[in-house]
Amino acid sequence: IIECAVDPELQELTNRPAVQNRIPGYSTKMGFGLHIGWGIEGAIGSVLKIDATYLSPNVNMCARLEGATKQYGCVMLLTDAFFDKLSHRVQRLCRRVDRVTAVGSNVPFDLYTYDSIRIPDLDTIRQGRNFWERFPPSTSPE
């Protein structure tokens, strides 16, 4: 996520005169919805091209969360089911933003986000001083 925000190729594409002339002030923004659960993978397409698709209420939840990042003004939203799987050190970096009930459900759940105070430069990320090295998961491979 951080690499996307500082990627020079993406910035070059966004800042092209043709793009800025057509859509003044255009910038690339990404949102991520993180949830956990089962899903079914299937192939769709034709004899010329086949793509994978994923179906389940859990996949739909991720899509809804991604859309909601715009409303909440954050880059990522995590459900409490996903949040509960994070290590305690990473959980402390997250912030609860709301308690909601999804359409078609009567069970409320908490939403969390991770607020990045500053975006490290791309060289720092490539040298290995990144978020996950500073806050590794508490689970072991055993």
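Start by selecting Phe 83: with 11% relative accessibility, this residue counts as buried (buried is under 20% relative accessible area, exposed over 50%, partly exposed in between, with a 1.4 Å probe and protein chains only). This is a predicted model, in which local features need pLDDT of at least 70 and side-chain atom pairs count only at pLDDT 80 or more, while totals for chains, interfaces and linings use all residues. Residues are numbered from 1 along each chain as its sequence is written, and side-chain values use heavy atoms, with hydrogens and water left out.

The rings of Phe 83 and Tyr 112 form a stacked aromatic pair, with 3.8 Å centre to centre and 5° between the planes. The rule takes rings of Phe, Tyr and Trp (its six-membered ring) whose centres lie within 6.5 Å, and calls planes under 30 degrees apart stacked, over 60 edge-to-face and the rest tilted. The count by this rule is one aromatic pair. Phe 83 belongs to helix α5 (residues 80-83) and Tyr 112 to strand β6, so the pair ties together parts 29 residues apart in sequence. Helices (H or I, at least four residues) and strands (E, at least two) are DSSP runs, numbered from the N terminus.

Next, select β6, residues 108-114. Five of the seven residues in this strand are buried, which leaves the strand mostly covered. Show its partners: β4 (residues 76-79) pairs with β6 in the antiparallel sense over two bridges, and β5 (residues 94-101) runs antiparallel to β6 with seven bridges. Two strands pair if DSSP finds at least two bridges between them. Thr 101 has Pro 108 of β6 as its bridge partner. In the hairpin of β5 and β6, six residues lie between the strands, and Gly 104 takes a positive phi near 85°.

Now show the whole sheet. The sheet is open and has four strands in the order β1-β4-β6-β5, with mixed pairing. At the edges are β1 (32-34) and β5, each pairing on one side only. From one strand to the next the twist averages 25°, with axes as lines fitted to C-alpha atoms (for helices over the stretch in contact) and angles from 0 to 180 degrees between N-to-C directions.

Then select the side chains of the largest nonpolar core, which has nine residues: Met 61, Leu 65, Ala 68, Cys 74, Leu 77, Val 100, Ala 102, Phe 109 and Leu 111. Such a core is a set of buried Ala, Val, Leu, Ile, Met, Phe, Trp, Tyr and Cys residues joined through side-chain atoms within 4.5 Å. Both α4 (57-72) and β6 supply at least two residues of this core, and α4 gives the most, with three. Apart from this core lies another, of seven residues, including Leu 78, Leu 86, Val 90 and Tyr 112.

Centre on Leu 111. Beyond its neighbours within four places in sequence, its contacts (heavy atoms within 4.5 Å) include Leu 65, Tyr 72, Leu 77, Arg 95 and Val 100.

Finish at β2 (residues 40-45). None of the six residues of β2 is buried, so the strand lies largely in the open. β2 pairs with β3 (residues 50-55) in the antiparallel sense over six bridges, and the two form a hairpin with four residues between them. Ile 40 has Leu 55 of β3 as its bridge partner.
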